[in-house]
Amino acid sequence: MPEVTSSTDPIVVPLRHPLRWVASGVATVVVAMFVHTLFSKIPSGQTVCHGLAGHRVCGPEMVWRFGWTEVLHYLGDPLVIQGVEMTLFVTVMAMVIGFVLGLLIAIMRMSSNRLLSSIAWLYTWFFRGTPVYVQLLFWFNIAVLYQSFSLGIPFTHAFTIATVGSNAIFTVLRAAVIGFGLNEAAYFAEIARGGLLSVDEGQLEAAKAIGMTRMQSLRHIIVPQAMRVIIPPSGNEVISMLKTTSIAVAIGLPELLYQTENIAARTYQVVPMLIVASLWYLAVTTVLSIGQFYVERHFAKGALRTLPPTPVQRLRSDLARSFGGRRAVAR
Amino acid sequence: MTQLMVDIKALRKSYGANDVLKGVDLTVASGEVTCLIGPSGSGKSTLLRCINQLEKHDAGILRVDGELIGYQLRNGKLYERSERELCDDRAAIGMVFQRFNLFPHLTVLENITIGQVRVKGIAPSAADKKARELLTRVGLDAKESHYPSQLSGGQQQRVAIARALAMEPKLMLFDEPTSALDPELVGEVLDVMKDLARSGMTMVVVTHEMGFAREVADSVYFLDAGIIEESGDPREVLVRPQSQRLRDFLSKVL
């Protein structure tokens, strides 16, 4: 039997999702409860009095449950700022060591020389296989093993050119930078190797065919393409490193957590100082994530037919679509 | 006597126990176009890749423009050449790949200038000028700021030809340059290659395009299982094949 046909097309009725509405409602309530408790007040146990229309009114003093007053007070404290600077410095230095050494280890690992690739494998095995906390304590205590370091001919004590005491080399700061840097190199080596392997073999052949040396091919052809694969996990590593530096509290490095703990010990504001530290870590990770977006965008050139819009461009096009009428459709 | 651009004698190459080339002789005179044909796995691509040492041959003599490639003869011994020397040799031999292998992170213009600037040390402005001339020659002067992913396969292969020509090679190698193309795009690439042949470029072409071989090639070599089965003038070899192998092969590809 033929279908009934009408002169106009039938209208489309979208499928309803009642469960989604229920889930959204529950989630909204939970979030509201969380925000409410975040900004709730509790009695401090003290009584305050103030004048109100000629009368003295007394009542229990109410303070923020999460100590926002104290958080705000210590957020810009000079010691906290020093701690942030130290955290950033150690993160940057450790990542620089990690990236350079890691790339070197990745290239060694891919060498056709078995000895070189085995050494690279052993390095990764050791530094990935032991906790970074243990490695940090190790570098801090290296003076127990070696009182001093000398420059001269290996395996002899003759012709020593220079000698430096271990404690002069391995200050707390340097122990932290070296410890975190060497550990990071092991992880970054694997990331870099994955990136280098992701580039099509034909690229190296094409580079060779126009007469490029292995170094030139790596620098101008292979590494720029590998970056697209290397950057997202590297962004993870940078953010992870930023937070991992907090375990350097164990060797007394005056970084962010060390400073906030110190203030907490002095003022008994334990929770507010933890919030201060968290807010700073969050702020820096946010800046890093934004930076990562733009770096990724830079290395996406040629791999994507059109680059993803920046947040500013996206906002502009959204606004244009809302207010611009027909012009916006043809953007 | 015409100068030999490529002179190969008793070339051997094996991957482990797998003998790919079992003693191949081949000569290409300067300014000639030579086509290598044969079934897949016959060793024709390997032979081509030995000429610019993307593959190292195990034995035999390989000369390009009178110079030994890959090895150096001293006191009756063949010494392997250093990577630096291999690079110098390769820079003078252009190569075009089946899968184009353009550098996807560089624009069309940068693809053509990078070798000139990084390998030959030519000033960027001069390299740009040369690249634009070559793009005009392959009919793509409007595409210089595009990225390879924005071009069709035929356009990409023409850029790849321009990239190879930018190094001013004395010899051009083509490894199945039209095999990865949609049928309607094959013509534009073959046209560029015919034009190049007419300009007097010495070319060695691995191809399945029998029409191109018959029309353009001065000589054709039929490889099968690592040896040259038959060779000679394409109008002779392709029209009156002597061996059963070549007859079988031609009946499949034509």
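**Figure 1. Salt bridges in the predicted model.** A search of the whole predicted structure finds 19 salt bridges over all chains. One of them joins the side chains of B:Glu168 and B:Lys120, with an N to O distance of 3.7 Å. This pair links distant parts of the chain, the two residues being 48 residues apart. B:Glu168 lies in the loop between helix H5 (153-165) and strand S9 of chain B, whereas B:Lys120 lies in the loop between helix H3 (108-118) and helix H4 (124-137) of chain B.

**Figure 2. The salt bridge between chain A and chain B.** The count between these two chains is 1 salt bridge. Its partners are the side chains of B:Arg49 and A:Glu205, which meet at 2.6 Å, N to O. On the side of chain A that touches chain B, helix H8 (201-209) and helix H9 (214-244) each supply at least two residues. The largest share of that side, 7 residues, comes from H8(A). Sorted by class, the side of chain A that touches chain B holds 8 nonpolar, 8 polar and 6 charged residues.

**Figure 3. Extent of the interface of chain A and chain B.** The contact takes 22 residues from chain A and 25 residues from chain B. About 2100 Å² of area is buried between the two chains, and carbon and sulfur atoms give 58% of this area. Across the interface, 7 residue pairs are found in polar contact, with both residues of each pair at pLDDT 80 or more.

**Figure 4. The open sheet of 6 strands in chain B.** The strands of this sheet follow the order S8-S9-S10-S3-S11-S12, and their pairing is mixed. Strand S8 (93-96) and strand S12 (227-232) of chain B are the edge strands, each pairing on one side only. From one strand to the next, the twist averages 15 degrees. Within the sheet, strand S9 (residues 171-175) and strand S10 (residues 203-206) of chain B pair in the parallel sense over 4 bridges. In this view B:Phe174 stands opposite B:Val205, a residue of S10(B).

**Figure 5. The open sheet of 4 strands in chain B.** Here the strand order is S2-S1-S4-S5, with antiparallel pairing. Strand S2 (18-29) and strand S5 (67-68) of chain B stand at the edges with a single partner strand each, so one side of each is left without a neighbour in the sheet. Strand S1 (residues 4-15) of chain B is joined to S2(B) by 9 bridges, and the two run antiparallel. B:Asp7 stands opposite B:Thr27 in S2(B).

Figure 6. Helix H1 (residues 44-51) of chain B lies across S1, S2 and strand S4 (59-64) of chain B. The helix runs at about 120 degrees to S1(B).

Notes. Residues are numbered from 1 along each chain as its sequence is written. Chains are lettered from A and ligands numbered from 1 in the order in which they are written. This is a predicted model: local features need pLDDT of at least 70, side-chain atom pairs count only at pLDDT 80 or more; totals for chains, interfaces and linings use all residues. Side-chain values use heavy atoms; hydrogens and water are left out. Two strands pair if DSSP finds at least two bridges between them. Axes are lines fitted to C-alpha atoms, for helices over the stretch in contact, and angles run from 0 to 180 degrees between N-to-C directions. Contact means heavy atoms within 4.5 Å. Buried area is the accessible area (1.4 Å probe) that two parts lose on being put together, summed over both. A salt bridge is a side-chain nitrogen of Lys or Arg within 4 Å of a carboxyl oxygen of Asp or Glu. A polar contact is a pair of N or O atoms within 3.5 Å; within protein, one must be able to donate a hydrogen and the other to accept it, and residues adjacent in sequence count only if both atoms are side-chain atoms. Ala, Val, Leu, Ile, Met, Phe, Trp, Tyr, Cys and Pro count as nonpolar, Asp, Glu, Lys and Arg as charged, and the others, Gly among them, as polar.
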